[in-house]
Amino acid sequence: MPHLNLLVRSIVAISGGVCRLQALDYQKTPVPLVTATDGGIDNLPVLDAAELMTLSRPDFAGIRRIRLKLLTPLRLLHNGRELNHFEPELFVRALLRRISALAACYGERADPEWFRHCAARAADLRLDEGGSSRAPVAGDGRGVLGSYLVSGPWQELGPLLVVGSLLHLGKGAAYGRGAFQVTPCA
């Protein structure tokens, strides 16, 4: 984290040492950051996907339907073409690929059997309600937006979506595209 330490040292220097830095944890709770004598940060919140999935499991116990809202344009490719509508199975499979790739690069290697199991369960998803809309003309005007009611094995897949909602999905995810929100439905 040398870049972060440099940033913190710069902020402290500019403020004359009178500043309070905070970060948000994955529950969006402010955490006051404690700076070390070398200008580093001692308590930066770090996302632990396994812990987040464990914490969110009770929210999906017995849940068969969720409301999935695409907050920013989602751009997914399937068979070399960009999708112009929402498909729950392809959405979850793309999310599995993103999470496994990030885990391979930045975390511990995840269990490939678990990913295969989740991919197979994605075939059981069904779109119950919702219409896709194209992204507004601002920007490049591509992507899918909308709110969808989806049935399926959410007790297994729901916690995966909670992690994914922090990562975003699809083309431009690193720039804020593909943001989504998931809400369990009783």
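This is a predicted model: local features need pLDDT of at least 70, side-chain atom pairs count only at pLDDT 80 or more; totals for chains, interfaces and linings use all residues.

Q: Good to know. Let's start with α5, then: how far apart are its end C-alpha atoms, and what span should its residues give?
A: Helix α5 covers residues 154-167, and its end C-alpha atoms are 19 Å apart. Its 14 residues at 1.5 Å a residue should span 20 Å, so the two values agree.

Q: Nice. Which residues of α5 are buried?
A: The buried ones are W154, L157, G158, P159, L160, L161, V162, V163 and G164.

Q: And what covers them?
A: The cover includes helices α2, α3 (88-106) and α4 (112-122), along with strands β3 (65-74), β8 (144-151) and β9 (180-185).

Q: Which residues does S56 touch, leaving out its neighbours in sequence?
A: If you skip residues up to four places away, S56 touches P159 and V162. Both of those are on the list of buried α5 residues.

Q: Okay, changing topic to cavities. How many are there of 30 Å³ or more?
A: The count is two.

Q: What lines the largest cavity?
A: The lining is made of L74, L76, L83, H85, F86, E87 and V144. By class, that gives five nonpolar residues, one polar and one charged.

Q: And what about the lining of the second largest cavity?
A: That cavity is lined by I66, L68, F86, P88, F91, V92, V150, W154 and L161. The elements giving two or more residues to this lining are β3, α3 and α5.

Q: Which element gives the most there?
A: It's α3, with three residues.

Q: How does that lining split by class?
A: Nine residues are nonpolar, with no polar and no charged ones.

Q: Now the open spaces. How much space lies in the largest pocket?
A: The largest pocket holds about 600 Å³. It is lined by 19 residues, and those closest to its centre are D48, A49, A50, I99 and A103.

Q: Which helices supply at least two residues of that lining?
A: α2, α3, α4 and α5 each do. The lining as a whole has 14 nonpolar, two polar and three charged residues.

Q: And the second largest pocket, how much space lies in that one?
A: About 380 Å³. Of the 17 residues in its lining, Y26, K28, V162, S165 and L166 are the closest to the centre.

Q: Which elements give two or more residues to that one?
A: Those are α2, α5 and β9. The biggest contribution is from β9, with four residues.

Q: Last one: how many nonpolar, polar and charged residues are in that lining?
A: There are 11 nonpolar, four polar and two charged residues.

Definitions and conventions: Residues are numbered from 1 along each chain as its sequence is written. Side-chain values use heavy atoms; hydrogens and water are left out. Contact means heavy atoms within 4.5 Å. The expected span of a helix is 1.5 Å times one less than its number of residues. Buried means under 20% relative accessible area, exposed over 50%, partly exposed in between (1.4 Å probe, protein chains only). On a 1 Å grid over the protein atoms alone, a cavity is a set of points where a 1.4 Å probe fits but cannot get out, and a pocket is an open set with protein on both sides within 12 Å along at least five of seven lines; lining residues have an atom within 4 Å of a point. Grid points are joined across faces, edges and corners, and a volume is the space filled by probe spheres set on the points. Ala, Val, Leu, Ile, Met, Phe, Trp, Tyr, Cys and Pro count as nonpolar, Asp, Glu, Lys and Arg as charged, and the others, Gly among them, as polar.
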